[in-house]
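Subject: Structure for your review

Dear colleague,

Here is the structure for you to look over. My notes follow below it.

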Amino acid sequence: MDAVTLLTTQHQKAEALFEKIEASTDPAEKQRLLDQVITELKAHTKIEEEVLYPIVRGDMKKGTKLFEEAMQEHQEAKKAIKELESMTPQDAEWQAHFEILMHGVLHHAKEEETEMFPKLEEMLSPERLDALGEQMEANQRGELVIDLSKDELLEQAKASDIEGRSSMDKAELEEALGHR
């Protein structure tokens with residue numbers, strides 16, 4: 001499956017899970033569905049950050065701006081995920097944090113689908129998009145580990161506004177970015 005189709009399919013799956021969470025009145029079901037969407041979002045952001053965004057930043061016209069915006073949105077989602085992981089649907093603040101995550105993810109997905117993905121399809125051949133999709137799938141299955149350099153991690157940390165990034169070693173950068 002090509003990269004754009006893979007990522008768009010994942011966006012659609014996340015949207016469907018969000019809709020199921022919103023429709024549910026059972027706290028246990030909401031939690032189960034949220035756990036599923038969180039697992040999928042973590043895997044999705046990882047392949048975007050490790051496989052796709054280096055290409056966007058390095059090869060796409062105006063890619064640095066798209067990269068920085070996408071990384072900032074990923075950090076916002078990671079923060080909302082972290083907050084939700086410490087709550088249950090019965091907590092008073094849960095719904096507000098859930099809505100922040102949902103609206104942020106849906107906004108991010110729409111931007112990628114309308115701005116980034118069409119540019120990728122113009123820039124890359126169908127064969128390259130297929131190879132990129134295969135690389136992403138292998139990364140998600142754990143068959144391919146992308147080892148970003150410290151400089152690449154610093155670029156992501158800068159785009160994500162991570163405090164103290166200049167004094168972090170590679171492992172600390174990976175941890176702060178959620179790559180571990």
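On a 1 Å grid over the protein atoms alone, a cavity is a set of points where a 1.4 Å probe fits but cannot get out, while a pocket is an open set with protein on both sides within 12 Å along at least five of seven lines; a lining residue has an atom within 4 Å of a point. Grid points are joined across faces, edges and corners, and the volume is the space filled by probe spheres set on the points.

The model is predicted, so local features need pLDDT of at least 70 and side-chain atom pairs count only at pLDDT 80 or more, whereas totals for chains, interfaces and linings use all residues. Numbering runs from 1 along each chain as its sequence is written, and side-chain values use heavy atoms, with hydrogens and water left out.

Cavity and pocket

The structure holds 1 cavity of 30 Å³ or more. About 70 Å³ of space lies in the largest cavity. Its lining consists of Leu66, Glu69, Ala70, Glu73, His108, Glu111, Glu112, Glu115 and Met116. Helices below are DSSP runs (H or I, at least four residues), numbered from the N terminus. H3 and H4 each supply at least two residues of the cavity lining, and the largest share, 5 residues, comes from H4.

The second largest pocket has a volume of about 290 Å³. It is lined by 21 residues, of which Leu41, Ala77, Gly104, Val105 and His108 are the closest to its centre. H1, H2, H3 and H4 each give at least two residues to the lining of this pocket.

Aromatic pairs

Rings of Phe, Tyr and Trp (its six-membered ring) pair if their centres lie within 6.5 Å; planes under 30 degrees apart count as stacked, over 60 as edge-to-face and the rest as tilted. A search of the whole structure finds 3 aromatic pairs. Tyr53 and Phe67 make an edge-to-face pair, with 6.5 Å centre to centre and 85° between the planes. Tyr53 belongs to H2 (residues 27–59) and Phe67 to H3 (residues 63–85), so this pair ties together parts that are 14 residues apart in sequence. Buried means under 20% relative accessible area (1.4 Å probe, protein chains only). Tyr53 is buried at 0%, and Phe67 is buried at 1%.

Trp94 and Phe98 are stacked, at 5.2 Å centre to centre and 0° between the planes. Both lie in H4 (residues 94–123), 4 residues apart, about one turn of the helix. Trp94 is buried, with a relative accessible area of 1%, and Phe98 is buried at 0%. Phe18, Trp94 and Phe98 form one aromatic cluster.

Arg57 lies over the face of Phe67, at 5.0 Å from the ring centre; the criterion is CZ of Arg within 6 Å of the ring centre and within 35 degrees of the ring normal.

The expected span of a helix is 1.5 Å times one less than its number of residues. The 21 residues of H1 should span 30 Å, which agrees with end C-alpha atoms 30 Å apart. Among the buried residues of H1 are Leu7, His11, Phe18 and Ile21. The buried residues of H1 pack against H2, H4 and H5, where contact means heavy atoms within 4.5 Å.

H5 (residues 126–140) has 15 residues and reaches 21 Å from its first C-alpha to its last, close to the 21 Å expected. Its buried residues include Leu129, Leu132 and Met136, and the buried residues of H5 pack against H1 (3–23), H2 and H4. Just after H5, Gly142 takes a positive phi of about 80°.

Regards

Terms used:
Buried < 20%, exposed > 50% of the residue type's maximum accessible area, 1.4 Å probe, protein only.
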